[in-house]
Amino acid sequence: MKTYTNVKDLGDLKAAVAEALEIKKNRYAYKHLGENKTLLMVFFNSSLRTRLSTQKAGMNLGMNTIVLDVNQGAWKLETERGVIMDGDKTEHLLEAIPVMGCYCDIIGVRSFAQFESKEYDYNETIINQFIKYSGRPVFSMEAATGHPLQAFADLITIEEYKKAKRPKVVLTWAPHPKALPQAVPNSFADFMNDADVDFVITHPHGYELDEKFVRGARVEYNQDKALAGADFVYAKNWAAYTDPNYGQILSKDRSWTVSTEKMALTNNAYFMHCLPVRRNMIVTDDVIESPQSIVIPEAANREISAQVVLKRMLENL
Ligand SMILES: CCC[C@H](NC(C)=O)C(=O)O
Ligand SMILES: NC(=O)OP(=O)(O)O
């Protein structure tokens, strides 16, 4: 594996999940793979789970790890080519990236959508420069349009908790005070479309995701109808994707908040969310604290999804 930015990079999903569950049983069995190998994790945006779980996964594999918060301590980076650098940016990404590549064997990158230009975001301008210029295998720790480590962990979790062979999985939009990226729902949809689940997406009009990720999945604008009989409810906020509203908040309607009443419409569904979550906007206190909430085991599986990806990269260095 040379890059991990989307579901296709994993190959056969059933095999990937099986490998994940094997690693979970004995996560220190591959320490030899990472001996004297260095993982560099580059963050352009904040993180708790990704930062901790990916570093843990690297350590499980015997790797040295370095974490760089680009906006805290590194030089302010220019990311656009052709710009006359007479402003407040000291260094260009096109020098910084190959330099980073000198000090490590594998690079993880977190660089969220900036919502200034759909084309800039959806061309994955930042992470693609790491892929092109670092000289190292690169994986996404949430880029502008996807969060494949999260979605892989979500799939692992669904496989662990499902009661039906082909569970009904509902991705529901929920309100949030800020304009959040489409990365998490994009990757969740991408993975669910390749998994053996009955997948439904529900959101208000205007919040349609890129068809490149929806891939013809059923979209239900009536949340109650979508939730009927669900086995898993995956809640997430995202800002509008379609023009002319790209990056905009169109609704903060808290009737979309996942409540006990909403969960009562389901087949005693498990509640999932990637975290961090805004309580009583996305989901009520009662639901996220209920026995059906599996957000913590879901977060724990981030260590495993990262370890599968790092293991496959180390095996191909
Ligand atoms: C894992 C989620 C990261 C990010 N969340 C926030 C709050 O920015 C998002 O919604 O994409
Ligand atoms: N779910 C997730 O990626 O969390 P962080 O943003 O805290 O890393």
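Residues are numbered from 1 along each chain as its sequence is written, while chains are lettered from A and ligands numbered from 1 in the order in which they are written. As the model is predicted, local features need pLDDT of at least 70, side-chain atom pairs count only at pLDDT 80 or more, and totals for chains, interfaces and linings use all residues; side-chain values use heavy atoms, with hydrogens and water left out.

The domain assignment, which is automatic or from a database, divides the protein into domain 1 (3-146 + 301-315) and domain 2 (149-299). Their C-alpha centres are 25 Å apart. To the contact between them (heavy atoms within 4.5 Å), domain 1 contributes 37 residues and domain 2 contributes 37 residues.

An open sheet is built from five strands in the order β1-β7-β6-β2-β3, with parallel pairing. Helices (H or I, at least four residues) and strands (E, at least two) are DSSP runs numbered from the N terminus, and two strands pair if DSSP finds at least two bridges between them. At the edges stand β1 (3-4) and β3 (64-69), each of which pairs on one side only. Two parallel bridges join β1 to β7 (residues 138-140), and here Thr-3 is opposite Val-138 of β7. Helix α12 (residues 295-314) lies across β1, β2 (38-43), β6 (106-110) and β7, at about 165 degrees to β7. Such angles run from 0 to 180 degrees between N-to-C directions, the axes being lines fitted to C-alpha atoms, for helices over the stretch in contact.

The residues around ligand 1 (a heavy atom within 4 Å) are Phe-112, Glu-142, His-147, Leu-180, Pro-181, Lys-236, Cys-274 and Leu-275. Two polar contacts (pairs of N or O atoms within 3.5 Å) can be followed here. A side-chain N or O atom of Glu-142 is 2.7 Å from an oxygen atom of ligand 1, and a polar side-chain atom of Lys-236 lies 2.6 Å from an oxygen atom of this ligand. Of the 330 Å² of accessible area that ligand 1 has on its own, the protein covers 85%; areas come from the Shrake-Rupley method with a 1.4 Å probe.

Oxygen atoms of ligand 2 are 2.7 Å from a polar backbone atom of Leu-48, 2.8 Å from a side-chain N or O atom of His-147 and 2.9 Å from a polar side-chain atom of Arg-302. The protein covers 93% of the 260 Å² of accessible area that ligand 2 has on its own.

Technical notes:
Polar contact = N/O pair within 3.5 Å; in protein donor to acceptor, adjacent residues only side chain to side chain.
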